[in-house]
Amino acid sequence: MRVTNPIGKKGEDIAVMYLRQKGYKILDRNFHGRQGEIDIIATKDKVLVFIEVKTRRSAQFGTPFEAISHTKLSSILTTAQMYVSSHKGLPDAQRVDAIGV
């Protein structure tokens, strides 16, 4: 994988460590679909979780969560549907989370 955004990659690595400490099983990272990408796909307690990670060095341009637009959320949902349809044996319960680093 070619790293075009080393700060974003570092933020995702931190998020994966945090999730593992909390008992999440990481299924996939940087899953690409036609409509976009999902940073982390994991399961915990029989729930499939699609996770968007936003990393910022400072709050100068807003918090990490402010960077998640309606368009980005729509892209995540469409890509999540594609992931579910292309993988078997996944939990029925699903949600979308965001982690700010």
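**Ground rules.** I numbered residues from 1 along each chain as its sequence is written, and I worked with heavy atoms for side-chain values, hydrogens and water being left out. As the model is predicted, local features need pLDDT of at least 70 and side-chain atom pairs count only at pLDDT 80 or more, while totals for chains, interfaces and linings use all residues.

**Entry 1: the sheet.** I took helices (H or I, at least four residues) and strands (E, at least two) as DSSP runs numbered from the N terminus. I counted two strands as paired if DSSP finds at least two bridges between them. Four strands form an open sheet with mixed pairing, in the order β1-β2-β3-β4. β1 and β4 stand at the edges with a single partner strand each, so one side of each has no neighbour in the sheet. On average, neighbouring strands are turned by 25 degrees against each other, direction ignored. For such angles, axes are lines fitted to C-alpha atoms (for helices over the stretch in contact), and values run from 0 to 180 degrees between N-to-C directions.

**Entry 2: the partners of β3.** I looked up β2 (residues 37–44) and found that it pairs with β3 in the antiparallel sense over five bridges. Lys-44 stands opposite Val-47. The two strands form a hairpin with two residues between them, and Asp-45 in the turn has a positive phi of about 50 degrees. With β4 (residues 93–100), β3 pairs in the parallel sense over eight bridges. Leu-48 has Gln-94 as its bridge partner in β4, and Ile-51 stands opposite Asp-97.

**Entry 3: burial of β3.** I used buried for under 20% relative accessible area, exposed for over 50%, and partly exposed for what lies in between (1.4 Å probe, protein chains only). Eight of the eight residues of β3 (residues 47–54) are buried. One side carries Val-47, Val-49, Ile-51 and Val-53, the other Leu-48, Phe-50, Glu-52 and Lys-54.

**Entry 4: helix α2.** I noted 17 residues in α2 (residues 70–86) and a reach of 25 Å from first C-alpha to last, close to the 24 Å expected; the expected span is 1.5 Å times one less than the number of residues. Ser-75, Ile-76, Thr-79, Ala-80 and Tyr-83 are buried. They lie on the same side of α2, because they cover an arc of only 135 degrees around the axis, taken from the directions from the helix axis to the C-beta atoms. The face turned away carries the exposed residues His-70, Thr-71, Gln-81 and Ser-85. α2 lies across β1, β2, β3 and β4, at about 60 degrees to β2.

**Entry 5: cores.** I took a nonpolar core as a set of buried Ala, Val, Leu, Ile, Met, Phe, Trp, Tyr and Cys residues joined through side-chain atoms within 4.5 Å. The largest has 12 residues, including Ala-15, Tyr-24, Ile-40 and Ile-99. α1, β2 and β3 each supply at least two of its residues, and the largest share, four residues, comes from β3. Apart from this core lies another of eight residues, among them Phe-31, Ile-41, Leu-48 and Ile-76.

Terms used:
Contact = heavy atoms within 4.5 Å.
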